[in-house]
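Please open the model in a viewer and keep the selection panel at hand.

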Amino acid sequence: MIPRTFHFVFGLKPQTEPFHLMYYLCLASCLAVERPDSVVLHYEHEPWGPWWDRIRPALQL
């Protein structure tokens, strides 16, 4: 069986502003609609900001 894991790539360069609401909504909608076993976020520079703090616990980094 194929695992229900979704992969996202973010933070390939350092952020100059907080994690945007649009990115939060993309991840939150994936979690709500697809109900995956896991959502993996691949990054080089970890995002920051209030929207990031809200979604981070639901992701596998």
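The model is predicted, so to speak of local features requires pLDDT of at least 70, and side-chain atom pairs count only at pLDDT 80 or more, while totals for chains, interfaces and linings use all residues. Residues are numbered from 1 along each chain as its sequence is written, and side-chain values use heavy atoms, with hydrogens and water left out.

**Stop 1: the nonpolar core**

Select Phe10, Phe19, Tyr24, Leu27, Cys30, Val39, Leu41, Trp52, Ile55 and Leu59, the 10 residues of the largest nonpolar core. Such a core is a set of buried Ala, Val, Leu, Ile, Met, Phe, Trp, Tyr and Cys residues joined through side-chain atoms within 4.5 Å. Buried means under 20% relative accessible area, exposed over 50%, and partly exposed in between, with a 1.4 Å probe and protein chains only.

Now colour helix H1 (21-34), strand E2 (38-43) and helix H2 (50-55), the elements that give two or more residues to this core. H1 gives the most, with 3 residues. Helices (H or I, at least four residues) and strands (E, at least two) are DSSP runs numbered from the N terminus.

**Stop 2: Phe10 and its surroundings**

Centre on Phe10. Not counting residues up to four places away in sequence, Phe10 touches Gln15, Phe19, Tyr23, Leu41, His42, Tyr43, Glu44 and Pro47; contact means heavy atoms within 4.5 Å.

**Stop 3: the aromatic pairs**

Display the rings next. Rings of Phe, Tyr and Trp (its six-membered ring) pair if their centres lie within 6.5 Å; planes under 30 degrees apart count as stacked, over 60 as edge-to-face and the rest as tilted. By this rule there are 5 aromatic pairs. One of them joins Phe19 and Tyr23, whose ring centres are 5.7 Å apart with planes at 50 degrees, so the pair is tilted. Phe19 is buried, at 3% relative accessibility, whereas Tyr23 is partly exposed, at 34%.

Move to Tyr24 and Trp51: with ring centres 4.9 Å apart and planes at 40 degrees, this pair is also tilted. The pair links distant parts of the chain, with Tyr24 in helix H1 and Trp51 in helix H2, 27 residues apart. Tyr24 is buried at 13% relative accessibility, and Trp51 is partly exposed at 29%.

Finally, select Phe10, Phe19, Tyr23 and Trp52, which ring pairs link into a cluster.

**Stop 4: the largest pocket**

Which residues line the largest pocket? Select Phe10, Gly11, Leu12, Lys13, Pro14, Gln15, Thr16, Glu17, Pro18, Phe19, His20 and Tyr23 to show the lining. On a 1 Å grid over the protein atoms alone, a pocket is an open set of points where a 1.4 Å probe fits, with protein on both sides within 12 Å along at least five of seven lines; lining residues have an atom within 4 Å of a point. The space in this pocket is about 190 Å³, a volume being the space filled by probe spheres set on the points, which are joined across faces, edges and corners.

The lining has 6 nonpolar, 4 polar and 2 charged residues. Here Ala, Val, Leu, Ile, Met, Phe, Trp, Tyr, Cys and Pro count as nonpolar, Asp, Glu, Lys and Arg as charged, and the others, Gly among them, as polar.

**Stop 5**

Select His42 in strand E2. His42 is partly exposed at 37% relative accessibility. Its contacts, leaving aside neighbours within four places in sequence, are His7, Phe8, Val9 and Phe10. The C-alpha atoms of His42 and His7 are 7.3 Å apart, although the two are 35 residues apart in sequence.

Val9, in strand E1 (residues 5-10), is exposed at 59% relative accessible area.

**Stop 6: Arg35**

End in the loop between H1 and E2, at Arg35. Its phi is near 50 degrees, a positive value in a residue other than glycine. Arg35 is exposed, at 66% relative accessible area. Beyond its neighbours within four places in sequence, Arg35 contacts Arg4 and Cys30.
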